[in-house]
Amino acid sequence: MRFAPALFLIVLTTSSRAQTPPRDTLSIPDTAWLEIHFVDVGQGDAIWIRTWNDGVADNGRFDGRNITIDGGPNGSDGSNSFLKYIRERAQPDARFDAVIVSHPHDDHYPGALGVLRHYEVCNYYDGDTPNGSRFNQFLDTVRSEQCDGHPIRLHRGRTNFGTPDWGSELQVALLWGAPIDPTGMGSGGTLINNGSLVIKLTYGTQSFLFMGDAEGKERDDPATTPRYAEARLLSDSVTESRLKSTVLKIAHHGSETSSTLPFIRAVDPEVLVVSSGRESYSGTFLPDRSTLQRYCTHNPQVRIYRTDQDDAAEGRTAATDNDGDHVVIRTNGKRTEIVARSAGQPWTATACTP
Ligand SMILES: [Zn+2]
């Protein structure tokens with residue numbers, strides 16, 4: 001039996017802690033919704049961002065842009081729930097301004113192939129982190145992409161990210177990614193995680209921080225002292241003040257290896273989104289309850305939305321966990337609304353529940 005409350009819209013209004021709005025804020029119409037879809041792909045990240053379309057061509061704003069960050073683990077069309085989700089909702093001739101891969105791990109990039117195969121993609125972004133032949137094959141598909149008859153534009157590596165123009169109403173900032181000097185960033189998978197592109201979007205007074213799998217500590221370290229990418233984000237006072245965000249896509253699926261206390265205080269989110277599934281990592285499933293508890297202790301009012309909502313209770317496995325626990329957030333620059341689902345049914349967070 002599933003609990004399906006009638007109310008499924010959580011409305012957040014701008015608090016007194018809001019950031020300085022960009023110039024364009026006053027001119028964002030109340031109906032100009034920016035949508036961010038966190039798609040349930042099982043274990044992995046798959047995010048689709050849609051800007052509002054005002055129907056006016058060439059005015060440089062509200063152009064109905066499509067952007068993706070990651071795409072989940074399934075590269076083949078038949079099993080790609082990210083592609084299926086987009087095809088059910090996007091125009092068949094939709095164009096994607098940007099396909100972004102936060103870092104080249106298997107739970108993040110393969111699903112982006114669906115977007116590349118079925119839509120025109122104009123720009124591709126990643127951290128230029130090498131990760132073997134399978135990722136190289138993925139890059140071959142990226143390079144063969146055309147947009148308006150021109151080759152796709154590649155923005156690989158931190159210094160090539162630039163300032164994407166997804167409309168003047170939306171501010172885009174790369175806060176971290178792909179360290180040029182990997183000293184202190186760990187090795188192997190940890191080093192790749194710490195090369196995650198960390199991106200912040202600001203729309204009016206509302207802001208969204210996408211962490212990829214950036215880490216802040218070793219699993220058994222105390223949460224008081226940040227290391228790795230979190231230490232670097234917090235070491236720069238300019239970046240630290242920019243971490244404050246309305247919505248945080250939690251780092252590394254809510255693993256204990258991220259979300260140190262100084263980082264949580266700096267971001268101070270009102271909404272937490274966890275992209276995770278039922279993949280066992282040596283007997284551990286993500287998110288770690290201890291990580292979510294730190295956010296609840298910091299702010300008992302924080303709302304946590306998960307793409308593995310109720311999956312453990314439902315007995316789902318890594319093969320059956322992409323069951324429609326999508327989290328859709330929309331904002332008109334003044335307030336943020338959330339429609340979340342559990343196995344396709346409306347679901348709402350009522351308290352901070354780690
Ligand atoms: Zn991951």
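P287 is located in the loop between β16 (271-274) and α8 (289-298), where helices (H or I, at least four residues) and strands (E, at least two) are DSSP runs numbered from the N terminus. A cis peptide bond, with omega of about 5 degrees, links L286 to P287. The model is predicted: local features need pLDDT of at least 70, side-chain atom pairs count only at pLDDT 80 or more, and totals for chains, interfaces and linings use all residues. Residues are numbered from 1 along each chain as its sequence is written.

**Backbone at two other loops**
- D148, in the loop between β9 (146-147) and β10 (150-151), has a phi near 60 degrees, a positive value in a residue other than glycine.
- H253, in the loop between β15 (247-249) and α7, is not a glycine either, yet has a positive phi of about 60 degrees.
- H253 is buried, with 26 other C-beta atoms within 10 Å.

**The six-stranded sheet**
- Six strands form an open sheet with mixed pairing, in the order β12-β13-β14-β15-β16-β17; two strands pair if DSSP finds at least two bridges between them.
- The edge strands β12 and β17 (303-306) each pair on one side only.
- β12 and β13 run antiparallel and are joined by six bridges, and W176 has V198 in β13 as its bridge partner.

- In helix α5 (residues 228-235), the buried residues are Y228, A229, E230 and L233.
- These buried residues pack against β12 (170-176), β13 (198-203), α6 (237-243) and α7 (261-267); a contact requires C-beta atoms, placed from the backbone, within 7 Å.
- V198 touches A229 and L233, among others, not counting residues up to four places away in sequence.
- The largest nonpolar core has 74 residues, and V198 is among those with the most contacts inside it; such a core is a set of buried Ala, Val, Leu, Ile, Met, Phe, Trp, Tyr and Cys residues joined through C-beta atoms within 7 Å.

**Confidence**
- The protein chain averages a pLDDT of 91, and 93% of the residues score at least 70; pLDDT is the predictor's confidence in each residue, from 0 to 100.
- Over residues 1-8, pLDDT stays under 50, and over residues 13-21 pLDDT also stays under 50.
- Where pLDDT is low, the predicted coordinates should not be read in detail.

Definitions and conventions: A residue is buried if 20 or more other C-beta atoms lie within 10 Å of its own, exposed if 12 or fewer, and partly exposed in between; C-beta atoms are placed from the backbone. Two residues are in contact if their C-beta atoms, placed from the backbone, lie within 7 Å.
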